[in-house]
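Okay everyone, have a look at the model on the screen.

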Amino acid sequence: MTSIRGVDRAAQEFGEGYKAYITSCKTEWEAASYVTDALRKQGFISVEELRKTGKTAGPGAKVYAVNRDRSVCAAVLGSRPVEDGARVVAAHIDSPLLFLRPSPFFEKCGFALASTYSRGGIKTY
């Protein structure tokens with residue numbers, strides 16, 4: 001059984017890793033690059049690389065594909081036909097972005113403000 005101190009340490013380590021990820025991945029392009037690097041370190045090979053070399057991937061192969069440098073799909077190939085079923089785990093990259101509008105700066109109540117618009121999961125209420 002894990003002690004409370006051990007749980008705290010594991011949570012702290014996870015949090016530090018997550019902070020490193022969100023610090024280095026401000027956009028979907030950076031996140032896709034980060035994930036691709038992590039997959040390579042785990043022995044995954046690019047489907048594009050397989051195509052270029054003419055190699056094929058068999059059961060147990062770890063492969064990934066990158067779509068427009070903004071999304072990544074990874075798979076570990078099974079030994080049975082896909083008709084027998086597949087296990088799928090999916091996630092998406094949500095990179096909140098704030099953009100300044102043209103001529104964005106103005107003053108209101110003695111404060112300098114900027115007019116912005118956002119993308120990617122920022123609530124505007």
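Reading along the sequence, you get the pattern α-α-β-α-β-β-β-β. That gives the chain 3 helices and 5 strands. Both kinds are DSSP runs numbered from the N terminus, with at least four residues (H or I) for a helix and at least two (E) for a strand. Before we go on: this is a predicted model, where local features need pLDDT of at least 70 and side-chain atom pairs count only at pLDDT 80 or more, while totals for chains, interfaces and linings use all residues. Residues are numbered from 1 along each chain as its sequence is written, and side-chain values use heavy atoms, with hydrogens and water left out.

Let's take the strands. E1 (residues 45–46) runs parallel to E2 (residues 62–67), and they pair over 2 bridges; two strands count as paired if DSSP finds at least two bridges between them. Find Ser46 and you'll see Tyr64 of E2 opposite. Together with helix H3 (residues 47–53), E1 and E2 make a right-handed β-α-β unit. Right-handed here means that, with the strands pointing away from you, the path from the first strand over the helix to the second runs clockwise.

E2 has another partner, E3 (residues 71–76), this time antiparallel, with 6 bridges. In that pairing Val63 stands opposite Ala75. The two strands form a hairpin with 3 residues between them, and Arg68 in the turn has a positive phi of about 50°.

Now, the aromatic rings. How many aromatic pairs does the structure hold? There are 3. Rings of Phe, Tyr and Trp (its six-membered ring) pair if their centres lie within 6.5 Å; planes under 30 degrees apart are stacked, over 60 edge-to-face, and the rest tilted. Tyr21 and Tyr34 are edge-to-face, because their planes sit at 75°, with the ring centres 5.0 Å apart. That pair links distant parts of the chain, 13 residues apart: Tyr21 is in helix H1 (residues 4–24) and Tyr34 in helix H2 (residues 28–41). Ring pairs also bring in Tyr18, so Tyr18, Tyr21 and Tyr34 form a cluster.

The cut-offs are under 20% for buried and over 50% for exposed, with partly exposed in between (1.4 Å probe, protein chains only). Across the chain's 125 residues, 14% are buried.

Then there's Phe99 with Tyr117, a stacked pair: 5.1 Å centre to centre and 25° between the planes. Phe99 is in E4 (residues 97–108) and Tyr117 in E5 (residues 111–119), so this pair ties together parts 18 residues apart in sequence. Phe99 is partly exposed at 28%, and so is Tyr117, at 39%.

Last stop, the largest pocket, which holds about 1200 Å³ of space. Of its 35 lining residues, Cys73, Ala74, Ala75, Val89 and Ala90 are the closest to the centre. H1, H2 and E3 are the elements giving two or more residues to the lining, and E3 gives the most, with 6. A pocket here is an open set of points on a 1 Å grid over the protein atoms alone where a 1.4 Å probe fits, with protein on both sides within 12 Å along at least five of seven lines; lining residues have an atom within 4 Å of a point. The volume is the space filled by probe spheres set on those points, joined across faces, edges and corners.
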